[in-house]
Every structure is written in C-alpha cells, then in structure tokens.
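Visitor: Hi, I'm new to this one. Could you walk me through a few bits of it?

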Amino acid sequence: MLDLQALVVAVRRRRRLWCSAALLGLLLGAAVAVLLPPPPTAVTKVLVAHQQDQPNDPGTLIRTDAALLHTTRIAGAALRSLGSPEEPEDFMADYEGTGLTNNLLQITATGDSDAQAAARAGALADAFVADHVRRIREASDAEAKTLLEQRDRMRDELAQVNEAIEDGPQESGPKASANLETLFARRAELTSRITDFGRRAAEARVGTPQLVAGTQIVDAPRAVRHSLTRTAATNAALGLFLGLFLGLAVAAVTAVVADRPVLRRDIAAHLGASVLAELPRRPAGPWRRRRVRATRERLTASLARTARGTAEPVSLLELGCARDASGIALDLARALAAEEPVVVVDGLPGSQLAGRRPKPGDPAVVSGADAAAVPRQERLLGVGSVAPGTAWADLPHLGTRTVLVVRAGHGSVAWLHTVARQLADRRVAVIGVVLIDPDPRDRTDGTLWDGPHTVPRAHGERPGRRNGGGTSHAVQAVGEERPRTERLPMAAARVPDSDQEAR
C-alpha cells in the first residue's frame with residue numbers, strides 16, 4: 001500500500017524541485033511571449049446562406065464551408081486577387097476558418113504587417129463568397145436544366161398523345177371508346193406534369209438571388225490588437241501551472257520509486273532504534289539558532305552521560321550527514337575531555353575531521369590507522385560512516401556501542417535494513433538515532449518499545465546486545481533475563497517548529 005502521509009511529506013521536502021519547476025515554467029512562458037510575439041493577425045466574418053439550411057442543423061454545413069476555405073482553389077483565387085506569387089499550399093498555413101454559428105464563418109489570416117493581414121483576410125472572404133455564389137448558381141442551373149429537360153420530354157410525349165387523339169379510332173365499339181378515354185387521361189396527366197416541371201424550374205431559379213444576397217461579408221477585415229502585457233501574463237500563468245504540475249508529478253514519482261523514509265516513525269522502525277533527538281540541517285533566524293544550540297547542548301550532555309556510564313567505546317556513525325556527525329562528535333569529545341583525556345578516531349571518508357583546523361582546547365583527532373597507537377588510558381570516540389561503500393569490518397574498532405546520525409530521506413529502506421543487519425552481525429549495539437533535517441510537520445512517534453526476552457547462550461559466549469534491525473540476537477545464559485535495549489533519556493527533544501510550539 002502507498003503511505004499517503006509519507007508521500008505528502010516526501011513531496012513537501014522536495015519543494016525546491018517543484019518550486020524551481022514552477023518558476024522555470026513561469027519564466028519560460030513570459031519569455032515566449034516576449035521573444036516569440038504572435039504575428040500580425042486580421043479577422044473578418046462572412047454570413048453564409050445554404051440551400052439545405054435547417055433549424056436543427058448540427059453545424060455540418062458551416063464546418064464544410066470552413067473545410068472548403070482550406071482548398072487550393074480558394075487560396076489560389078485569393079492570391080491572384082492580391083497579385084502574390086506565393087504558392088497556395090504555403091498560403092493555406094497562414095489562415096484558418098472557424099464556424100461561429102450555423103451560418104457565420106470567421107476567417108483569420110496572418111501576415112507580415114497588419115495591413116497585409118487585413119488584405120489577406122479580405123481577399124479570402126471575397127474569394128469564398130464568389131466561390132459559394134458560383135456553386136449556388138451552378139447547382140440551381142443544373143436543377144432547372146434537369147427539370148426543363150423533363151418538361152420537354154413530357155411535351156414530346158403529349159404531342160404524340162394529341163396526335164393519336166386527333167387521328168381517332170379506326171373502329172367503333174367499346175374497345176375503341178376505352179382506348180380513347182385512356183388517351184384523354186394520359187393527356188391530362190402529361191399536361192399537369194409539364195406544368196409542375198415548369199413551375200419547379202422557375203422556383204429553382206427564383207431562389208438563387210435570395211441565397212446570393214444572403215451570402216455576404218458582415219464584418220470588414222480588421223487587425224487584431226495584441227497586448228504584450230496580457231499575453232505575457234497569460235503565458236506566464238500557464239507556464240507556472242504546467243511547471244508546478246510537472247514538478248509535483250516528478251517529485252511524487254521519484255519519492256515512490258526511491259522509497260526513502262522521511263518520517264521518524266519509519267526511520268526508527270527500519271533501523272530498530274528510537275529517535276533520540278532531531279536537528280535541522282540549516283537553521284535560519286536568531287531564535288531558531290538559539291533553540292538549535294540548546295537542543296545540541298542537551299544532546300551532548302545526554303550522550304556524555306551515556307558514554308561515561310559504559311566502559312565500552314562509543315562511536316557515532318553517519319548516513320548522509322558527515323558534517324553534522326563531525327560537529328556532534330567534537331561537542332561530545334569536548335564534554336568528555338573535562339573529566340578524562342579523549343581522542344577522536346576519524347573513520348569518515350575524506351577529511352571532515354582530520355583536515356580541519358583545531359581550535360584551542362579541542363581533543364586530538366587521529367585517523368583509523370593511528371588508533372592502535374593511542375594509550376589505553378585515553379578514551380576513544382569513533383566517528384564513521386554507514387554510507388554505501390562502508391568497510392563494515394572496521395566499524396567495531398570505532399566502538400561497540402554507537403549512535404546513528406541519519407539525515408531524513410537520504411537512505412532507502414533497503415539500505416537502512418542493510419545497516420541494521422550489518423551492525424547486528426558485528427555486535428555493534430545501536431543506542432539510538434539522531435535525526436538530521438527532519439520534516440517540521442512530522443508528528444509521528446520515533447520511540448520503539450521492547451519487552452524482556454529469555455534465550456539460552458552457548459558456554460563462554462559474550463552476552464550480546466540487540467541492535468536496530470532486530471535480525472540478530474546474542475544468546476544469554478539459561479534463566480538469565482535479557483535487559484531492555486538501552487536508550488538515552490528523551491531530554492534531547494526535537495527542535496520546536498515555531499515560536500508558538502516553543503511556548
């Protein structure tokens with residue numbers, strides 16, 4: 001299942017990504033409006049009358065007219081009227097037709113200037129009206145011609161019937177009388193049909209002037225005024241929305257794919273150790289700095305009490321926050337140096353500690369290779385890393401009891417499990433976790449609770465300590481109760497998120 005709370009927190013922590021994407025979209029939208037302004041444009045409107053106009057027409061006829069506007073015949077006629085040598089195929093890319101209603105067509109044309117765009121729009125409107133009128137007249141003439149041809153055929157047949165009637169029957173009798181009556185009925189029918197065809201042909205020609213007069217330009221070509229400010233604002237708003245949407249989508253997808261815990265609840269569960277304290281990575285503001293300083297002092301005092309209460313060496317292992325771990329280690333070493341000599345063993349990659357400039361009163365810092373030369377009466381405080389590429393076999397030499405300094409959202413779930421399992425296999429007990437750069441709105445619980453366990457152990461085997469992962473337990477003597485996992489007191493609480501919360 002997808003943890004929506006963790007997803008929201010992960011996306012919020014990536015606010016730099018989606019805020020940058022939104023800002024980039026805003027700038028690109030405004031830049032497009034400034035660097036690529038729209039070409040000079042002109043519009044005109046044409047009222048189009050159709051022979052097949054119906055009140056319930058869904059707009060098929062006007063869409064047909066818009067499609068006919070994009071033909072080489074109309075484009076060529078408009079170019080000829082303009083006297084332009086441009087090819088019709090190229091010209092068709094510079095204009096378009098849009099059906100506003102069933103009988104109103106809007107023509108939009110672009111050009112190198114407002115005058116050229118208006119001239120192009122007017123030429124297109126004139127060419128379309130002329131073509132539409134020509135098609136109407138041709139259709140009416142074709143219909144009238146067909147009707148008149150039918151009328152002429154009927155007249156020829158009527159002439160034959162009249163001739164047969166005039167000749168009269170050669171014989172008398174009932175049969176001759178019936179034939180004569182049939183001829184008279186046929187003559188009446190032909191006369192009626194001839195009259196009907198003539199009337200329909202006249203109507204076909206009479207309706208043409210109405211359609212021709214109804215097709216006209218109702219809005220003269222005019223240039224469209226573009227506001228650079230309005231266009232830039234519109235493009236910037238669209239770019240901002242698209243950039244924000246894409247940034248949020250990328251942040252959400254990468255958060256799900258990366259599977260890097262950010263909540264203290266998840267980090268504590270995957271490492272198997274409670275969160276002892278939280279420190280921001282980059283404190284801002286004087287009040288915030290004072291609260292962070294007070295929290296670091298409480299954390300240092302708590303770690304110092306824990307270190308003094310055990311004879312085993314203590315270490316700090318970082319994951320994604322070597323600088324913060326170095327600062328905490330130096331603060332702890334200064335606190336311990338008030339009672340006994342302390343030497344900091346630098347096991348960090350690079351020169352976070354060994355390459356720094358020592359201040360007066362700072363404890364000595366040696367590399368991992370020189371740790372064996374330190375006198376036994378001096379306390380060792382190891383500082384190392386559990387980042388990918390760690391030499392796991394060297395971690396017990398830094399300290400058999402450790403505090404993990406972890407940056408939220410840095411390690412994946414698989415790597416946190418790897419850290420817990422490797423520390424358990426090497427009998428390095430995890431005292432707790434110091435969380436760096438936590439989410440300020442995280443209200444989840446980072447405390448784990450353990451109950452007593454009773455397990456046997458082999459003869460002579462050292463009582464082990466349960467580390468964070470819970471994957472490996474050292475066995476104890478028969479009947480001996482296993483103590484709870486030792487934790488620091490929660491005096492080193494997390495930094496308040498706001499002044500209201502601090503109060």
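Guide: Let's chat about aromatic pairs and then helix packing. This is a predicted model, where local features need pLDDT of at least 70, side-chain atom pairs count only at pLDDT 80 or more, and totals for chains, interfaces and linings use all residues. Residues are numbered from 1 along each chain as its sequence is written, and side-chain values use heavy atoms, with hydrogens and water left out.

Visitor: OK, how many aromatic pairs are there?

Guide: Two. The rule is that rings of Phe, Tyr and Trp (its six-membered ring) pair if their centres lie within 6.5 Å; planes under 30 degrees apart are stacked, over 60 edge-to-face, and the rest tilted. Phe91 and Tyr95 make a tilted pair, 5.1 Å centre to centre with 50° between the planes.

Visitor: Are Phe91 and Tyr95 buried or exposed?

Guide: Both are buried, meaning under 20% relative accessible area, with exposed being over 50% and partly exposed in between (1.4 Å probe, protein chains only).

Visitor: And which residues form the other pair?

Guide: Trp392 and Trp415, also tilted, at 5.8 Å centre to centre and 45° between the planes. Trp392 sits in the loop between strand E9 (379–385) and helix H12 (395–398) and Trp415 in helix H13 (residues 413–425), so the pair ties together parts 23 residues apart in sequence. Helices (H or I, at least four residues) and strands (E, at least two) are DSSP runs, numbered from the N terminus. Both Trp392 and Trp415 are buried.

Visitor: Switching to helices: at what angle do H1 and H8 cross?

Guide: Roughly 125°, and the axes of H1 (residues 4–13) and H8 (residues 228–258) come within 9 Å. Axes are lines fitted to C-alpha atoms, for helices over the stretch in contact, with angles from 0 to 180 degrees between N-to-C directions. That makes H1 oblique to H8; under 35 degrees is roughly parallel, over 145 roughly antiparallel, 65 to 115 roughly perpendicular and the rest oblique.

Visitor: Which residues of H1 and H8 meet?

Guide: Leu7, Ala10 and Val11 in H1 meet Leu248, Ala251, Ala252, Ala255 and Val256 in H8, where contact means heavy atoms within 4.5 Å.

Visitor: What about H3 and H6, how do they pack?

Guide: H3 (residues 60–69) and H6 (residues 114–167) pack at about 120°, with axes 11 Å apart. H3 and H6 are therefore oblique to each other. Asp65, Leu68 and Leu69 in H3 meet Leu124, Phe128, His132 and Arg135 in H6.
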